[in-house]
Structure formats: C-alpha cells, structure tokens
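Here's a walk through one model, helix by helix and bridge by bridge. Have the structure open while you read.

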Amino acid sequence: MNFFAVGGEDEQGNPGRLVVLDMPGYGHKSRAEWGEEIMKYLVGRKQLVRAFVLIDSMHGVKRSDESLLQALRESAISHQVVLSKVDRILFPRSRNPTQQMLQRNATNLQQAAQSIRDGLASMDVAGPEALGEILACSTAASLERGKWLGINNLRWAVLAATGLNETRKRPMLIDADSGRDVALEAMPEATECR
C-alpha cells in the first residue's frame, strides 16, 4: 500500500485532510492474501470517505473487479468506478490524438461505460451500489500538452468526496472606492464536473 498525504503534513507529522492510498494488486499478478488484507484495512477505516475502483476500459469488469465491488457493497463502503486507459477506445493505435478522433469515438466510450453500468446494476449483492457517475481517464493521451483526459474530473471527484471543494474562509479585500469584495471577484468560478 502506498500512502500520499495531499497538502503535506501538519507540525506534528499528521497527514492533511486528504490521504490518497494506492492499493495495487487485486487484479493482475495479485495474491489472495493481498485482497484479504486490503478489505480488512478498508472495513476498519472510519475516516474512509470513498474508494475509487479503476477498471480497464478495454477489458470491462473482470472477476477480480466484480469480487472487489461485491465486497465493497457488502461492507457498505462508498465507492466510485473509474474507467482507466480510455485512450485505447478514443484514440486507437494513434500517437497524435485529435479532437475529431475524440468526437468520432466518444460513442464507443459511452457504450463501454453503459455496459459497465448495466453490469454493476445487475449484481445481486446487498449493500449500497457504486455512485452513479462513472469517471473516465487516461494518462497516456492528451489533446493539450500536460492535460490528461479526465484527470481533472477525477481530481474534482476526490476533492468533492472529502469536502475540500467547498469554499474556504478567506480574508475579504474591500475596494475603497466601490466597497466591493475584490478578492471574491478575482476567484475563479467553481464548476461541477459531469
């Protein structure tokens, strides 16, 4: 398990409000005992807000994914599905993705997401289902340098799950002439990702 404290640590060495935990290994080259340890860890975490389950968009929900999703539901652990490697669907065999390719192949990605959504809905397991929105991302292709597909949406979902997307208290900067809060006007609009 790999832990990442987002925003650093406080003076006592405690992680910030957000700790990202990478738990590789429940799929390819995994061991049964890893899955048992992962579930023990997840079930015992009072601070856990949401688990994000990455599913390879080309392969769909595999048996190992299904087992993990069933265990999350049975344990009432909030979770959300993330389709990874969507570049393989949107830009097959292309080193230079274009907006036209994205538009042409978007239907294929929608169909893959719907197929996964249908599969999740048909699972006969008691407990809360995955959150309805299926996120999609890729770190192998981008339409703009340094802007990976869906990564900002995934970041937003993580922040929203922790409540870090909410407006924080901030000092007001009042313009002497107009009496307006200049700091508020300078802040970028927060937009909800879909």
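## What α5 packs against

The buried residues of α5 pack against β2 (18-22), β3 (51-56), β4 (79-84), β5 (135-136) and β7 (147-148). On the terms: this is a predicted model, so local features need pLDDT of at least 70 and side-chain atom pairs count only at pLDDT 80 or more, while totals for chains, interfaces and linings use all residues. Residues are numbered from 1 along each chain as its sequence is written, and side-chain values use heavy atoms, with hydrogens and water left out. Helices (H or I, at least four residues) and strands (E, at least two) are DSSP runs, numbered from the N terminus. Buried means under 20% relative accessible area, exposed means over 50%, and partly exposed is in between (1.4 Å probe, protein chains only). Contact means heavy atoms within 4.5 Å.

So which residues of α5 are buried? They're I151, L154, A157, V158, A161 and T162. They cover an arc of only 130 degrees around the axis, which puts them on the same side of α5; the arc is that of the directions from the helix axis to the C-beta atoms. As background, an α-helix has 3.6 residues a turn, so residues three or four places apart point the same way.

α5 (residues 151-162) has twelve residues and reaches 17 Å from its first C-alpha to its last, close to the 16 Å expected at 1.5 Å a residue. The expected span is 1.5 Å times one less than the number of residues.

A76 follows α2, and its phi is positive, near 55 degrees.

## Salt bridges

How many salt bridges does a search of the whole structure find? It finds three, where a salt bridge is a side-chain nitrogen of Lys or Arg within 4 Å of a carboxyl oxygen of Asp or Glu. In general, side chains of opposite charge can pair when their charged atoms come close.

D56 pairs with K85, the closest N and O atoms being 3.4 Å apart. That pair links distant parts of the chain: D56 is in strand β3 and K85 is in the loop between β4 and α3 (87-90), 29 residues apart. R88 also forms a salt bridge with D56, at 3.6 Å between the closest N and O atoms. Here R88 sits in helix α3 and D56 in strand β3, 32 residues apart, so this pair links distant parts of the chain as well. D56 is buried, with a relative accessible area of 12%, whereas K85 is partly exposed at 37% and R88 is partly exposed at 39%. Salt bridges that share partners join D56, K85 and R88 into one network. Elsewhere, K147 bridges to E144, with the closest N and O atoms 3.7 Å apart. E144 counts as partly exposed, at 46% relative accessibility.

W148 lies in strand β7 and is partly exposed, with a relative accessible area of 39%. Leaving aside its neighbours within four places in sequence, W148 is in contact with S138, T139, A140, A141 and S142. The C-alpha atoms of W148 and C137 are separated by 7.5 Å, with the two residues eleven apart along the chain.

Over in helix α4 (residues 99-121) you'll find Q110. Is Q110 buried or exposed? At 56% relative accessibility, Q110 counts as exposed.

## The chain as a whole

Zooming out, the chain has six helices and seven strands, in the order β-β-α-β-α-β-α-α-β-β-β-α-α. Buried residues make up 30% of the 194 residues. Of the contacts with a separation of 6 or more, 58% come from residues 24 or more positions apart.
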